Amino acid sequence: MDRWQNRLAVVTGASSGIGSAIAVELVKAGLTVVGLARRVERIKELQQRLPAARKDKLVALYCDVGSESSVTEAFDWIIQKFGAIDILVNNAGTLQSGQLVDMNPALMQQVIQTNIMGVVLCTQRAVRSMRERKFDGHVVIINSILGHKTMTAREDVLPDVNVYPPSKHAVTALTEGYRQEFLALGTRIKVTSISPGVVDTEILPDSIRDAISGRMLHSADIAQAVLYAVGTPPHVQVHEIIIKPVGETL
């Protein structure tokens, strides 16, 4: 991680779960981190739990990644304040329980806007900063095992993840699209997709939590995967990391 000392990372969805864990580990690794979230107060609480010498290295900033105007305002502020973005971790995501056959379309649109367009909007701004400086940055996308498959059908469980798996399949395709574009544009910007299985976070529906019977990953497990991916030598690109808890059957 030596090459990232005193560099700037932006982590979306940093107010809880995986995003919080990633933000903390990047700060501990020597980076300054701007944590983006709608619940800014939670990032400020997280900041207070950091070692005294590192508290000022975590900056809380409001951003709704599904809103183009909100992303523009947040990234304009980051560039004005810090001058550059070196690492982007696209972690923000949402899951609304319900069935495809009768769910409110507005809720499904919210999932699509956050999980897909949130990645697109934030990545555009971060990559613009990297390309303008000809800097070999890194884009990390927190995907899901459901970006590579769908839920396994069970007779006693009514599926309630609706458009979440399709949104994460789109993220898998986006990641490969970025890899090809970064290469064709003549950059050495890296892109990595990290696809966890079931993680014990707020987003997890009760139906999955009950079905998995305690076989879950922790947010810290995913944060360590991020550190591994960004800590690889400049000539090494990790395309995909799939992480599942032992015994997971999804």
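Student: In helix H5, about how many helical turns separate Tyr-178 and Phe-182?

Tutor: This is a predicted model, where local features need pLDDT of at least 70, side-chain atom pairs count only at pLDDT 80 or more, and totals for chains, interfaces and linings use all residues. Residues are numbered from 1 along each chain as its sequence is written, and side-chain values use heavy atoms, leaving out hydrogens and water. Helices are DSSP runs of H or I, at least four residues, numbered from the N terminus. Tyr-178 and Phe-182 sit four residues apart in H5 (residues 164-184), so the separation is about one helical turn.

Student: Are Tyr-178 and Phe-182 buried or exposed?

Tutor: Buried means under 20% relative accessible area, exposed over 50%, and partly exposed in between, using a 1.4 Å probe and protein chains only. By that rule, both Tyr-178 and Phe-182 are buried.

Student: How many aromatic pairs does the structure hold?

Tutor: Rings of Phe, Tyr and Trp (its six-membered ring) pair if their centres lie within 6.5 Å; planes under 30 degrees apart are stacked, over 60 edge-to-face, and the rest tilted. One of the pairs is Trp-77 with Phe-82, edge-to-face at 6.1 Å centre to centre and 75° between the planes. Another is Tyr-178 with Phe-182, stacked at 5.8 Å and 20°. The structure's count is three.

Student: Which residues does His-169 contact, leaving aside neighbours within four places in sequence?

Tutor: His-169 lies in helix H5 too, and its 33% relative accessible area makes it partly exposed. Contact means heavy atoms within 4.5 Å. His-169's partners are Leu-146, Gly-147, His-148 and Lys-149.

Methods
Helix = DSSP H or I, 4+ residues; strand = E, 2+ residues; numbered from the N terminus.
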